[in-house]
Amino acid sequence: MRAAAVLAAAFAGAAAADVDMGKPAEGVIPLDRLPWQGEAVPAEFSVPACPWVVEFYHPECGGCQRLAAPFHRVAKRIHDENLPCVIGAIDCKVNMQYCLASGANSFPHVTGWARDRSAAPAVMPDTEGTDDELEAVLDAFFRKVCTAASPAAADNCRPAALARYQTAASLSKSGDADPPPALVYRGEAVTADNVYLPDVVNALHSALACPQVVSGVTSDAKAALMVLASHAFPDQSLRTALSKSMRENPHLPPATLIKETILPIIADHGEGVLKGNPGTRVYTWFGCAGSARGYRGLPCALWQLFHVLTVRCLGGYCPEDQDPLQVMRAWVVAHFNCKECRQNFLHATMRWGTGALSRRGAVVALWELHNEVNERLKGQASEDPLHPKGFFPYPGATEAQAVAALTELYAKEQLGGSEPTFAARVHDPSGPALTPAWLLVAGVVLALVAHFWRKLTRHRNKRSF
């Protein structure tokens, strides 16, 4: 997806590339998946006589931008020397779910497959340095992979694969031209101004399914997110199922519990919108659907999931000792697949402190960060032209109005339904100012009721995690 890195565009640096990453280099085949996987890929791609080198990249990742020029130069050199291998590139902005399922946990990710693709692939180590140093490392890696086959193999596979360039390009861009059909959720037309439960279910599933990208440390970020969701997710049946599974499986390590029981539970509550095989799921979006393939999607849904959790913690759904902002921050640090993006996010959220913010302060802090990101990304290539970024939730909203609007959007059970009352202000900031007083009073009353109810029932629902 064009914006489908898990908030990748949100925190990506502004490093400039000296090549157009959207334009394939000579000798590089644009792919939407590994050529020997997937029914949609022409049989001509499956050329067993030939090694492959494939780059998994995200065009807005600073490291990918720095690697682009030396990668293209080395690829052209290999092509000109007619070495017996084929070079491909997968845009993980467009194909994020597939990239993650294929083991590309951080970007750039360059992998080489020998002729026998049942063997483990070779992975180029993370490399930092000058342009010339990157080119030297790439050149050595390419030659190690490409010389594993005899020169005669070039005549058997490489020309045939390169001849399929146009097919590969059309496959990787399929769906970009035509907008998706109008969507309906529970009998109501879907709009981009509303929030829908399936989108948040998908975001939670993706956040718990993604692998850890920071090695050498033990992270309990996904376990903490699982616990937070069991208290604050806006679906009583899903909360109950999560809590029940956690209570009944105290012997399972959190990672095993998430993989074997929690993810299937979330998928079962996805109202049929989770599609594909386990590990390579493709998510169907409602309010987060973009005008074309690649826009909005997962980043939009992750923002919504984070807002849901902070707002519902304000409403009294979360344990007093659980800080939703720190849970989110720990998840990004351990599981976000762009090193530079993680660093930018950490820098942007240092002001949050550790447990220093009230429940309302957490709602406001995430709202402020969301608008900072929107301002940074306004007008960039990742922006959906039919859904331009603006001040969220609507232009000119004060802090009090924002809290009221976020409460209206995210506090309720079973997200979706009627349009939020402030929807007109999103598109017409000159309209009459809204008075959020009744929303604030209702939110406070609901928060107090929920808080005392949970205190009364907590002793009957002791958690194991």
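## Model and overall make-up

This is a predicted model: local features need pLDDT of at least 70, side-chain atom pairs count only at pLDDT 80 or more, and totals for chains, interfaces and linings use all residues. Residues are numbered from 1 along each chain as its sequence is written, and side-chain values use heavy atoms, with hydrogens and water left out.

The protein has 17 helices and 9 strands. Helices (H or I, at least four residues) and strands (E, at least two) are DSSP runs, numbered from the N terminus. The protein has 465 residues, and 54% of them are buried. Buried means under 20% relative accessible area, exposed over 50%, and partly exposed in between (1.4 Å probe, protein chains only).

The accessible surface comes to about 20400 Å². Carbon and sulfur atoms account for 57% of that surface. Accessible areas come from the Shrake-Rupley method with a 1.4 Å probe; for residues, only the protein chains shown count as cover. Take contacts between residues at least 6 apart in sequence: 78% join residues at least 24 apart. Contact means heavy atoms within 4.5 Å.

## Helices H7 and H8

Two packed helices are described by the angle between their axes and the distance between the axes. Axes are lines fitted to C-alpha atoms, for helices over the stretch in contact, and angles run from 0 to 180 degrees between N-to-C directions. Helix H7 spans residues 197-209 and helix H8 spans residues 221-232. They pack at an angle of about 155 degrees, with axes 9 Å apart. H7 and H8 are therefore roughly antiparallel to each other. Angles under 35 degrees count as roughly parallel, over 145 as roughly antiparallel, 65 to 115 as roughly perpendicular and the rest as oblique.

The crossing of H7 and H8 is left-handed. That term applies if the near helix is turned anticlockwise from the far one by less than a right angle; clockwise is right-handed. H7 contributes Leu204, Ala207, Leu208 and Ala209 to the contact, and H8 contributes Lys222, Leu225, Met226 and Ala229. By class, this contact of H7 with H8 has 7 nonpolar, no polar and 1 charged residues. Ala, Val, Leu, Ile, Met, Phe, Trp, Tyr, Cys and Pro count as nonpolar, Asp, Glu, Lys and Arg as charged, and the others, Gly among them, as polar.

## Helix H11 and its partners

Helix H11 (residues 298-314) packs with H14 at about 160 degrees, with axes 7 Å apart. H11 is therefore roughly antiparallel to H14. The crossing of H11 and H14 is left-handed. Contact residues of H11 include Trp303, Phe306 and His307. Those of H14 include Arg359, Arg360, Leu366 and Trp367. The contact of H11 with H14 has 11 nonpolar, 3 polar and 2 charged residues.

H8 also packs with H11, at about 55 degrees and with axes 10 Å apart. H8 is therefore oblique to H11. H8 passes H11 in a left-handed crossing. Leu225, Leu228 and Ala232 of H8 meet Val308, Leu309, Arg312 and Cys313 of H11. The residues divide into 6 nonpolar, no polar and 1 charged.

## Arg312 within H11

Arg312 lies in helix H11. Arg312 counts as buried because its relative accessibility is 0%. Beyond its neighbours within four places in sequence, Arg312 contacts residues including Ala232, Arg239, Tyr317, Tyr410 and Glu413. The C-alpha atoms of Arg312 and Pro324 are 9.9 Å apart, and the two residues are 12 apart along the chain.

Gly63 is in helix H2 (residues 62-80). Gly63 is buried, at 18% relative accessible area. Gly63 and Cys341 are 278 residues apart in sequence, yet 9.8 Å apart in space, C-alpha to C-alpha.

Most peptide bonds are trans. The bond from Phe392 to Pro393 is cis, with omega near 5 degrees. Pro393 sits in the loop between helix H14 (359-377) and helix H15 (399-410).
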